[in-house]
Amino acid sequence: IDVGHDTERHGMDLGLKGKVAMVAGASRGLGFAVAEALAREGALVSISSSTLASIDEAAKRISSGGSTVLGTVVDVRNADHITGWAEKTIERFGITR
């Protein structure tokens with residue numbers, strides 16, 4: 001493995017280009033950092049948070065780098081919300097393998 005300067009500048013290729021990633025709690029903190037990193041690796045990112053304003057802002061920040069992002073308000077304590085989020089994600093991005 002070459003871990004030289006190119007890896008430091010450009011990151012690793014994790015093979016995520018075109019894959020779909022769902023990240024809950026992604027409006028700030030660790031959830032946002034994970035979603036942003038996945039997007040940088042080329043993943044199609046579906047993010048959720050409990051408030052519309054915060055998830056809209058997070059989606060805007062991540063997509064400003066050219067990434068494809070879906071932001072959804074989800075109460076992760078509610079199974080119906082999670083199911084709805086998954087359905088919206090599949091509708092938007094399809095299913096990747």
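**View 1. Strands β1 and β2 pair in the parallel sense over four bridges.** Two strands are said to pair if DSSP finds at least two bridges between them, and the elements named here are DSSP runs numbered from the N terminus, with helices (H or I) of at least four residues and strands (E) of at least two. The model is a predicted one, in which local features need pLDDT of at least 70 and side-chain atom pairs count only at pLDDT 80 or more, whereas totals for chains, interfaces and linings use all residues. Residues are numbered from 1 along each chain as its sequence is written, and side-chain values use heavy atoms, with hydrogens and water left out.

**View 2. The side chains of β1 alternate between two faces.** Buried means under 20% relative accessible area, exposed means over 50%, and partly exposed lies in between, with a 1.4 Å probe and protein chains only. Strand β2 is mostly covered, with five of its six residues buried.

**View 3. Strands β2 and β3 pair in the parallel sense over five bridges.** Strand β3 spans residues 69–73, and its residue V69 stands opposite V45. From β2 the chain passes through α3 to β3, and this β-α-β crossover is right-handed. G71 is also found in β3 and counts as partly exposed because its relative accessibility is 30%. Leaving aside neighbours within four places in sequence, G71 is in contact with I47 and I55, where contact means heavy atoms within 4.5 Å. The C-alpha atoms of G71 and S27 are separated by 9.2 Å, although these residues are 44 apart along the chain.

**View 4. The largest nonpolar core has 14 residues.** A nonpolar core is a set of buried Ala, Val, Leu, Ile, Met, Phe, Trp, Tyr and Cys residues joined through side-chain atoms within 4.5 Å. The residues with the most contacts inside this core are V23, A26, A35, V45, I47, I62 and V69. Two or more residues are given to the core by each of β1 (20–23), α2 (29–40), β2 (44–49) and α3 (52–63), and the largest share, four residues, comes from α3. In soluble globular proteins, nonpolar side chains tend to be buried together.

**View 5. A26 and S48 touch each other.** Not counting residues up to four places away in sequence, A26 touches G31, F32, A35, I47, S48 and A58. S48 has its place in strand β2 and counts as buried because its relative accessibility is 1%. With residues up to four places away in sequence again not counted, S48 touches V23, A24, G25, A26, S27, I55, T72, V74 and W85.

**View 6. R61 lies over the face of F32.** The distance of R61 from the ring centre of F32 is 4.1 Å; a charge sits over a ring if NZ of Lys or CZ of Arg is within 6 Å of the ring centre and within 35 degrees of the ring normal.

**View 7. D75 lies in the loop between β3 and α4 (79–93).** At 24% relative accessibility, D75 counts as partly exposed. The C-alpha atoms of D75 and W85, ten residues apart along the chain, are separated by 9.8 Å.

**View 8. The chain as a whole comes to four helices and three strands.** From the N terminus on, its elements run α-β-α-β-α-β-α. Of its 97 residues, 28% count as buried, and among contacts between residues at least 6 apart in sequence, 55% join residues at least 24 apart.

Conventions. A crossover is right-handed if, with the strands pointing away from the viewer, the path from the first strand over the helix to the second runs clockwise.
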